[in-house]
Structures are given as C-alpha cells and as structure tokens.
Amino acid sequence: MSARSSISQPIAFAPWNPRELVAAFQFVMTSIDGGAHWVKISPDLGYPKDTVPTPDSLRGKPGLLVGGTIQSMALSPVKRGEIWVGTNTSLIKLTQDEGKTWQDVSIPNQPGDVLAIEASHFDAGEAYVVFSWHASGDFTPYVYRTRDYGKTWTLITNGFATGQPSGSFARVVREDPKTRGLLFAGTESGMYVSFDDGDHWQPLQLNLPNTSCRDVVIHGNDLVLGTYGRGIWVLDDISALRQIQGGRGGNGGTTLFAPGEAVRVRRNVGNDTPFPPEVPHALNPPDGAIIYYSLATKPAEAITLDVLDAAGTVVRHMTSGPVEPVKEAARPPEPNFWIAPPFQLPAVAGGNRTNWDLRADAPPAFTHTFEINANPGLTLPSPMGPLVPPGAYTLRLTVDGKTYSQPITVVNDPRSPATAADVRAQYALETRVVAAMQAAWEGYQRVAATQPLDSTLVAVGGDPAGGRGFGGFRPGGPPPPTFVGVNGTLGRQLNALETGDLAPTPAMQAAYAVACKDLAKAVTTFNAVVAQHQLTQAPLAAPRCGG
C-alpha cells in the first residue's frame, strides 16, 4: 500500500477504546496492538464523491485527478465509531459506524486545506471545521459549524480580525469539554474565544505575543496553546470563562468566580538557583488555587479574602492593604531579585487574578530564613503556614463591607505516597506547632509590655535580636527556656515538617513535646512573677502539649 501523508498527519487514540490507535493517510487505519498490525477501515478518502480514484501507479500523469491527503481528524467523544476527517483538497468525510460506511459532507464552493476538525463533546451531530486558503493568497478566516452531521454548514467568523499584516486566517478551533458553547480558536496572529457556540468571537490575546497559534488543547481546567516558534503557553484555570459563558458572572458587577479544584503540591525546597534575570524563561504557574474576581469599581478600602475550613474556621487571611515585609528581607542572604515581595491582593476595577497557595496563615516568628525557590521573585520567608489537608473549603471575598463566597475543593498531589490519614496527622502536628509559636510570641509581647520590668521577666522573654535565646555550653546545664528561644525552636521544627507528605515520626512528635514543655516552663515562670509582684497582667494560659 502506498500511503499519502501531509505535514500534519493525524493520529489519536479512540475515545471509545483506549487501546485503539487511529491514524489517517488517504485511508483511515486502526491498530489495537500498539501499531504492530494495522487494519484499513476506509476507502481512499482523498477524492470527491462520484469520482474514481487514480491508481497510485499512475499518480502524477498529466490530466489525471490528483488525490488529497487527510490533514485533520476528529474522533467523537460522545458516539462510538464516529470519525470526521478533512483533507488538503477541501473535502470532509464522515463515518458513524467506525468505517463501515462513509459520507462526503464537504462544504460546497469552499476551497482550501481543512486544517482542523473538532467533534462536539455534547452532540454527535455537531462539529466545527477550519479551512485555510492562504497558500493561494486568501488570508480570510474560515470557521464553520454543523449541527446535522454535515448536511448544512454555517460560517461562524463574526468578531475575527481580517487584513492583519501577520495574517488573519484561522488554524484551529476547539470546544471546551465541560461547557457547551464555549469555543477557542487560534489564527495566524492570535487567540479568540466564543461564549455562544461561535456566533460571536472576541480576542483572548492577554499577554500572548503576536504569533501563529497552531493547536489548542484543554487539559483539566487549563487551556494549553502550541505556537509556531514562540513556545507553549498555558492559561491557568479557565473556570471563570466557563462561568461567564454560563451567565454566572462578568456582567459588570462584583463577582467572585468559583475556582476549579486545587492540587495540593508542596513547594520546592531543593535550593535550586533561579536563572539570572537576563536569561529568557517562563515562570511556573502560581501555587495552589487560581482565584478570579471582578470588581465593579475600585474599592474605597482594602479588600480581604478569607479561606474557611469545613468547620467555618478562618485558616487564611489575605488583604490588598499594605503588608510589612519581614526584617530579613532588607538584607537577605540571597540576591534581592530572588526574594518574594509581601503578598497583596490585586484590587483594580475590572478583572483580578490571585492565588491561594493552600497554606494556613504563617505563624509569628522572631527570625526568618529563605528556602530558595527556583523562580526569581518567589522565594518566600520561612516559617510558612502549614499546607492544608485535602477537603472542602470556602472562599470569602469582602469588598467595601459586602461579602461574596464560593466553595473550593483541595485534592491531594496524585504523586504523593502519603495516605489521607498521614496528611491529616501531619497537619495536626503542624497546627499544634503553630499554636505553640503563637503562644510564645504572645508571651514575649506580654513581657515587653510589663512595667516595671522584673529581671526574671526579662530573662524569660529572651532577646529577639539574639537568635535562639539560649544554647551553647553552660555550667550546670542549659539556661531556662525563653519565649524567643522556644518560638525559634518551633519554627525550625515547622520547617523540618515541610520536607514531604508523611505521618509524623516518633522523633518529630518527641521534638514537639520537648519544645512544648519548655514553653510551659516559660509560662509558669511568667505567671509566678506576675502573681509575686501582683502585676495587672493577666496570667498566660498553660499550653496543651498532648496529642
């Protein structure tokens, strides 16, 4: 068999059989053994109906009909055996019975290469095709839709640019598999989106370069674009576009869009060095949940975004107001361009995008370190808040006194070997560490606010400028614990728990127990001095060091 192929020969696995590989030349071929053996399931589809194909042995002879090559193919995700193919000679062929019979459903009087076909994810009779006639000097975009298995076709190009110096012809159209009527199209110069099944289009260029958009795929909640010579681009989490299409937002008012599922992935703590600023590179997607909200007007005061767990407890608070950087950020041990600025919510009129890194609020600490992140400008100070366990949470956006809420689901990293029980146990220990750090911080603040200061109180408070507050050799054993010292010890324990998803080991539990007992000793000392001198300070609560 002599096979004809094009510059973009189609090959795909069948939605109805993950072991069935389908490839297209002038014929459609299938294999169920990884390509070791192939079966032809079509005649030569490179010729119009009612014509006799030219034998391969006579190809190229003057006056004989030239056969086309299949250049695009779509396998229906909703109907077994339905295959659409398009050729480089303007033909569209369709089978609804896995190749037993084929129909010519070509568009009359439409020349050009069929660059792309998209079978609907919702209706077996619906499909979209893209023609290009640019090789003959026609740079007009041609995108069609059928809703009756190709019996009739409608041109759907309202909103596409024409006459662009870089080229306006269309190259690809794709349908969102989760939202009917939400379409994406790529042209020789940029990207477009339609919220009404192609009846109207608008640019979706954002920060894309002016470039040839060759192919598009929707992977989960992300839109992935392949360009010609300008790399692969990803629009993270198109949940907001799906809700605009459904009439659930984007109507000019303030809207908090429901985010997609957020995958619980731990930060990189491998001390990877970022590229220098002059080296071209792309950043990783933002950590955790991508959150979109639209503000009707610029807010009169700072907006806030709270994350609540299933019990209604706020685990994370974010604001657009000023945030004080940690003191170590002024003179970090790494180059300044590695360090992340304090996190603030955007709050401009119109669309806004932010992220929640799936962490609880960071505990107060007297000293901070910077675990190097491989991306410039993203190295955050440690200790950080614990990574929350998988489960259901609520986002609560507050704008000028009015609140807007949406649910969000956190799912575990599919690569993680830890069980759900392991992750919950780890989070429980981290939460106790954070609570103890908070208690040590408050203990020091209470010491600093006490007047007149007692020497014993000064000693139990510790020195924030002196690092750990205790340590080293001392005759008679280590000095009594201080609030500053205990806070630092717990902060280092929290960093150690960041190495991966795992149930706390006995050593981890024992280390926390020792630190918590030191905190209890410092609290006891503070309360004894307050009682002895009859100070107006209320006694500190004793920490709970149990499980």
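**Reading the cut-offs in this model**

Me: Why is Cys 213 called buried?

Reply: Cys 213 has a relative accessible area of 1%; buried means under 20%, exposed over 50% and partly exposed in between, with a 1.4 Å probe and protein chains only, so Cys 213 counts as buried. A word on the ground rules: this is a predicted model, where local features need pLDDT of at least 70 and side-chain atom pairs count only at pLDDT 80 or more, while totals for chains, interfaces and linings use all residues. Residues are numbered from 1 along each chain as its sequence is written, and side-chain values use heavy atoms, with hydrogens and water left out.

Me: Thanks! What makes Cys 516 and Cys 545 a disulfide?

Reply: Their sulfur atoms are 1.9 Å apart, and a disulfide is a pair of cysteine sulfur atoms within 2.5 Å, so the pair qualifies. The count by this rule comes to 1 disulfide.

Me: Which parts does the pair tie together?

Reply: Cys 516 lies in helix α5 (residues 506-532) and Cys 545 in the segment after α5, so parts that are 29 residues apart in sequence are tied together. Helices here are DSSP runs (H or I, at least four residues), as are strands (E, at least two), numbered from the N terminus.

Me: Why is the disulfide called left-handed?

Reply: The torsion about the S-S bond of Cys 516 and Cys 545 is about -85°, so the disulfide is left-handed.

Me: Are these two cysteines buried or partly exposed?

Reply: Cys 516, at a relative accessible area of 1%, is buried, whereas Cys 545, at 26%, is partly exposed.

Me: What makes a set of residues a nonpolar core?

Reply: The set must consist of buried Ala, Val, Leu, Ile, Met, Phe, Trp, Tyr and Cys residues joined through side-chain atoms within 4.5 Å. The largest such core has 29 residues, and Tyr 512 and Phe 526 are among those with the most contacts inside it. Its largest share, 9 residues, comes from α5.

Me: Which residues does Tyr 512 contact, leaving aside its neighbours within four places in sequence?

Reply: Among them are Leu 429, Val 433, Leu 490 and Cys 545; contact means heavy atoms within 4.5 Å.

Me: How do you know that β28 and β29 pair?

Reply: Two strands pair if DSSP finds at least two bridges between them, and 9 bridges join β28 to strand β29 (residues 402-412), so they pair, running antiparallel. Arg 396 stands opposite Ser 405 in β29. In their hairpin, which has 2 residues between the strands, Asp 400 takes a positive phi near 50°.
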